[in-house]
Amino acid sequence: MTAEDMIKTGLLGHPVAHSKSPDLHNGWFKQYEINGVYRAIDCLPDKLDQTVKRLIDEGYRGFNITIPHKQAIMVHCAEIDDLAKAVGAVNTVTIKDGRLCGTNTDVFGFVENIRQNAAGFDFKDKTVVVLGAGGAARAVVHGLLSENVAHVIITNRTRENAEDIKETCADPARVTVSPWDDRASVLSGCDLLVNTTSLGMDSMPPLGIALDHLPKTAVVNDIVYKPLMSNLLVQAKNHGNPIVTGIGMLHHQARKAFEIWIGILPE
Ligand code: ATR
């Protein structure tokens, strides 16, 4: 095998230096004895166009996209599959004959993380409270509706962003938007609570929410994984609830991207 044969993949974002994705993908290339590499590529918004062109010229097979490019990359894609269209964000691109084909593996990442780590939890007919209404919330809400939950309650600081997810999702009748100030009271009757806001992440303020109304059987998931035990998860654990950390979502979305590019879904 020559250097030219090497399969090139990577991650475009800003910042990307601390991303765990290169460790995951490069570990799988090694494990499956594939001559491939996954590089973290720091890219400012005004350099997205030229960076994408460079990756095409250098023969990259594909790349992931993270903050802040998940929406911006869509205009560069010649094809966007139905899933990414429904979510409204692309996080995985395959380069075919110099054309970008976009999809979204965050939905798979979220659903698989809950399936694997919330023992005995079945999405069907459940009531789910989603905190936040950014890009990650779109993928989460799409995953929940596809898994046949009965009801999704979205609560977000900026109400319009939550209304926009409701209006553009696959089944608005199953989605309710609730005021951010009522985030503690909507927890009664909740089977699964998901934080998709950046609150609780390193260098961000903690997520302030009282869990008194939350049934003790409700599963609590934070998609924040830095720190692994966010203040919400610590609070939920102390309250007696089963918890699911955010690292599994990162892991499972990466597995799916690896499968799309390489044809193997890592164990
Ligand atoms: P991502 O792609 O990771 O979802 P994002 O699109 O920037 O990132 O979304 C961040 C989410 O965190 C949003 O729901 C945001 O609320 P707004 O829609 O009101 O901006 C939420 N968020 C960020 N900082 C917040 C804060 N200080 N208080 C409450 N919510 C906050």
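**Notebook: loops, ligand and salt bridges**

I looked up D97 and found it in the loop between β5 (92-96) and β6 (99-103); helices (H or I, at least four residues) and strands (E, at least two) are DSSP runs, numbered from the N terminus. The model is predicted, with local features needing pLDDT of at least 70 and side-chain atom pairs pLDDT 80 or more, while totals for chains, interfaces and linings use all residues. Residues are numbered from 1 along each chain as its sequence is written, and side-chain values use heavy atoms, without hydrogens and water.

**Backbone**

I checked phi of D97 and noted a value near 50 degrees, which is positive although D97 is not glycine.

I then looked at two prolines. The peptide bond joining H14 and P15 is cis, with omega about 0 degrees. I placed P15 in the loop between β1 (7-13) and α1 (21-31). The bond from I67 to P68 is also cis, and its omega is near 5 degrees. P68 belongs to the loop between β3 (62-65) and β4 (79-80).

**Ligand**

Which residues come closest to the ligand? I listed A133, N156, R157, T158 and N161 as the closest of the 15 residues that surround it (a heavy atom within 4 Å). By class, I sorted this shell into six nonpolar, eight polar and one charged residue; Gly counts as polar, and Asp, Glu, Lys and Arg count as charged.

A polar backbone atom of A133 is 2.9 Å from a ligand oxygen. For A136, a backbone N or O atom lies 3.0 Å from an oxygen of the ligand. At G135 the distance from a polar backbone atom to a ligand oxygen is 3.2 Å. I also noted that the ligand taken alone exposes 650 Å², of which the protein buries 70% (Shrake-Rupley method, 1.4 Å probe).

**Salt bridges**

How many salt bridges are there? I recorded 12, each a side-chain nitrogen of Lys or Arg within 4 Å of a carboxyl oxygen of Asp or Glu. One that I looked up pairs D164 with R138, and their closest N and O atoms are 2.5 Å apart. This pair links distant parts of the chain, 26 residues apart. D164 is in helix α6 (residues 159-168), and R138 is in helix α5 (residues 135-146).

Note on methods: Polar contact = N/O pair within 3.5 Å; in protein donor to acceptor, adjacent residues only side chain to side chain.
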